[in-house]
Amino acid sequence: MHSLSGYSVLLSALLSLLHSSSSVLGAQASSSERPSPSSAAFALRRFDYVIVGGGTAGLVLASRLTENRHITVAVIEAGTSPEAVAGNLTVVPGYAGALFGEATQLNLDWGFQVTPQKSLLNRTASYLRGKALGGSSNLNFMSYGQSSKGSHKKWAELVSDQSYTYENMLQYYRKAMKFTEPQAGARSANATAWIAAADAAASGTLPVTFGAYVQSWSTWVALGLEAIGIHQVSAFVNGNNLGWAWNLYTIKSPKATRATSETAYLRPVLRRHNLAVFDSTFARRIVFDDSKTATGVEVTSTMTNRTYIVSADKEVILSAGVFQSPHLLLVSGVGPKAVLEQYNISLIADRPGVGQKMYDQNSISVMYQVDLVTNTRLSQDPDYAAEVLEEYKHNRTGPLSSPGGDLFGQEKIPKEFRAGFSDDTKAYKLPADWPEIGYVVYPNGASVLQKGANYAIMQALLMAPRSTGSVTIKSADMAVAPVINPDWFSSQTDVEVMVAGLKRVRQALSSSAMAPIIIGDELLPGQSVKTEEDMALYVAQRGSTLYHAMASNKMGKTSDPDAVVDNRGRVIGVKKLRVIDGSAFPFLPPGPSPQTQVYVLAEKLADDIKNTVY
Ligand SMILES: Cc1cc2nc3c(=O)[nH]c(=O)nc-3n(C[C@H](O)[C@H](O)[C@H](O)COP(=O)(O)OP(=O)(O)OC[C@H]3O[C@@H](n4cnc5c(N)ncnc54)[C@H](O)[C@@H]3O)c2cc1C
Ligand SMILES: *[C@@H]1O[C@H](CO)[C@@H](O)[C@H](O)[C@H]1NC(C)=O
Ligand SMILES: *[C@@H]1O[C@H](CO)[C@@H](O)[C@H](O)[C@H]1NC(C)=O
Ligand SMILES: *[C@@H]1O[C@H](CO)[C@@H](O)[C@H](O)[C@H]1NC(C)=O
Ligand SMILES: *[C@@H]1O[C@H](CO)[C@@H](O)[C@H](O)[C@H]1NC(C)=O
Ligand SMILES: *[C@@H]1O[C@H](CO)[C@@H](O)[C@H](O)[C@H]1NC(C)=O
Ligand SMILES: *[C@@H]1O[C@H](CO)[C@@H](O)[C@H](O)[C@H]1NC(C)=O
């Protein structure tokens, strides 16, 4: 274990293997080389805070709370070190695509499937969620950026808490972000990135940089976006979300390695004596006492199958992500009464909103063959692949140094494309600065149709979905996967906006600015897809998630019966239990990067926890 990852935290396995009473175990463990919490806390498996889920949010919390050496913290994580499982797949940014295909088999992903989607011809789909220290920050495509000022204002209003305005959240955005320039000269001259000095927060914790390589394709799409009236702006780290910008990534420069909550927040503090990481440990249930106070978590070691309780003196914090935090609440007795009754789960609190009103974004692709080198060549030409590997190894530049998504565009659908919108869609009002559609690039095709050819994709991404979905249970046992229904496109508004987005992508790709590199006719959806009905059908056939689901434990006012957590992430109706992760949002914030929102909420609420006196 040590040599693989530098980890030494298989505490649960150790506990079970040593096979004696817990107090002796504690002493033995803390006298070993293994980093461990104070031996008393460890011996009793009793901590101030127990965090369920060592993912994106969970490790921010663990890191911040243990800055105070008098606070003891346990992290319960079902996975283990990502590198122990997947070698360099989570490390090299350019392997993001390959990892995406392999994560489930590697058991670095939970392997969830969504229910047949009624607005998508009953298609089902897999829905990736990271299962490792660092959670989904190991699997994502690394984009980083802020949400819009208007959406923050809306958030503050929804929860009656002015600390969520953009101006007041900026301190946490800055606390998270450690900006470094990419290697000088690494990007092509026509892809010079732009960030205002005042926005380039450099003293935070999470490494953020522009890619050390820009795909040729992206520089041409940039021209296409300009041609349709979407203009370049500074990186999306100033509260603006309209225009297009070169992507910031959670990548460490100049090494060009992926930064995750595990590499940035956990690794540097692993040796803290007040932090215990129970990896390979599955949380089954939150334990409550008679006064509905959360007192601990029942867990099972996935190594030994032993079940025991880890106790929390101060709080239990759920950071198990958008599906499993509501799942864990439900099997523990917090959720819609009727559902709990159906599975004979004793009711702790009737909270109808648990698992409801979940938001997700969906996307649609347009594909062409192009007269450029794209990553299609990487998969076909071993000599080129070897060159690219050498370049990365020696110089930390080239296609492997970046995930390839290079730029992001955001806009409100322009007037001339709204003419056909239904009255209901016209009535759907968002803050003035909240984009409706995002534009995304991929330096590869959906398939290789002809050997030796290069393909590329541009996508429209639904930024302000009106459809909401749900997460629920089909068993009282946490080990049985939850029922996940994003209900994509259940609102007709989303179909109309998506079709408009698809038209805009086609407009950009058929602009004269891009003509020099476009080869032949559109391959996807193809010229037979002409009318709005055709396009809506194409959306139903091919619409796909970018894995950005959020808000399944809605944050709201305590007077709102559908709210699950209050403005401080505290679960309404019980005591000493919070949810802090992607599920605990009032909606899916716009912007290039859900993960940024998760990091920043965790930074903010870590402060709140530290300031809470018991
Ligand atoms: C393929 C993909 C691409 C993405 N691309 C981007 C992108 O480019 N930019 C962006 O900003 N966002 C992106 N996202 C979304 C972003 O990564 C997530 O929104 C964010 O990481 C979620 O953080 P979280 O803390 O809510 O949950 P997670 O990071 O998923 O953490 C949850 C943790 O809880 C653990 N856990 C769950 N249940 C249990 C249990 N019962 N017992 C013990 N442990 C448990 C899990 O193993 C996991 O480690 C992407 C996501 C995916 C999957
Ligand atoms: C990643 O690991 C594989 C397998 O060990 C190796 O072949 C490859 O060269 C490594 N890639 C890099 C960029 O180091
Ligand atoms: C989807 O499934 C539902 C329920 O089984 C069925 O009524 C409907 O006709 C199906 N739709 C399609 C397009 O197959
Ligand atoms: C930008 O420069 C790169 C590298 O020289 C080149 O491949 C690409 O075609 C250029 N893009 C445009 C729009 O000229
Ligand atoms: C794990 O333990 C439970 C209960 O103690 C038992 O029902 C189950 O069969 C065990 N599973 C394995 C894989 O041993
Ligand atoms: C719930 O309990 C009742 C009565 O004990 C039993 O009949 C029923 O089968 C149980 N349901 C489930 C889903 O376990
Ligand atoms: C590394 O960069 C230098 C300077 O740009 C270049 O000459 C060299 O060929 C690069 N090495 C590799 C292996 O790509």
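1. Domain bounds here come from an automatic or database domain assignment. With those bounds, domain 1 (45-109 + 131-142 + 259-359 + 553-613) and domain 2 (179-257 + 362-464 + 489-542) both give residues to the shell around ligand 2, so ligand 2 lies between them.

2. Some housekeeping before going on. This is a predicted model, where local features need pLDDT of at least 70 and side-chain atom pairs count only at pLDDT 80 or more, while totals for chains, interfaces and linings use all residues. Residues are numbered from 1 along each chain as its sequence is written, chains are lettered from A and ligands numbered from 1 in the order in which they are written, and side-chain values use heavy atoms, leaving out hydrogens and water.

3. Back to ligand 2: which residues are around it? They are Asn-88, Val-92, Tyr-95, Leu-389, Tyr-392 and Lys-393, taking a residue as near a molecule if one of its heavy atoms lies within 4 Å of it. By class, that shell has four nonpolar residues, one polar and one charged (Ala, Val, Leu, Ile, Met, Phe, Trp, Tyr, Cys and Pro count as nonpolar, Asp, Glu, Lys and Arg as charged, and the others, Gly among them, as polar).

4. Now the polar contacts (pairs of N or O atoms within 3.5 Å). An oxygen atom of ligand 2 sits 2.3 Å from a polar side-chain atom of Asn-88, and a nitrogen atom of the ligand is 2.9 Å from one of Tyr-95. For Lys-393, the distance from a side-chain N or O atom to an oxygen atom of ligand 2 is 3.4 Å. On its own, ligand 2 has 360 Å² of accessible area, and the protein covers 50% of it (Shrake-Rupley method, 1.4 Å probe).

5. Ligand 4 has Ser-188, Asn-190, Ser-216, Thr-219, Trp-220 and Leu-223 around it. That shell divides into two nonpolar, four polar and no charged residues. Ser-216 places a polar side-chain atom 3.0 Å from an oxygen of ligand 4. The protein buries 55% of the 360 Å² that ligand 4 exposes when taken alone.

6. Last, Ala-312, which belongs to strand 15 (residues 307-318); strands are DSSP runs of E, at least two residues, numbered from the N terminus. Ala-312 is buried at 5% relative accessible area, where buried means under 20% (1.4 Å probe, protein chains only). Its C-alpha atom is 5.2 Å from that of Asp-48, 264 residues away along the chain.

Definitions and conventions: A polar contact is a pair of N or O atoms within 3.5 Å; within protein, one must be able to donate a hydrogen and the other to accept it, and residues adjacent in sequence count only if both atoms are side-chain atoms. Helices (H or I, at least four residues) and strands (E, at least two) are DSSP runs, numbered from the N terminus. Buried means under 20% relative accessible area, exposed over 50%, partly exposed in between (1.4 Å probe, protein chains only).
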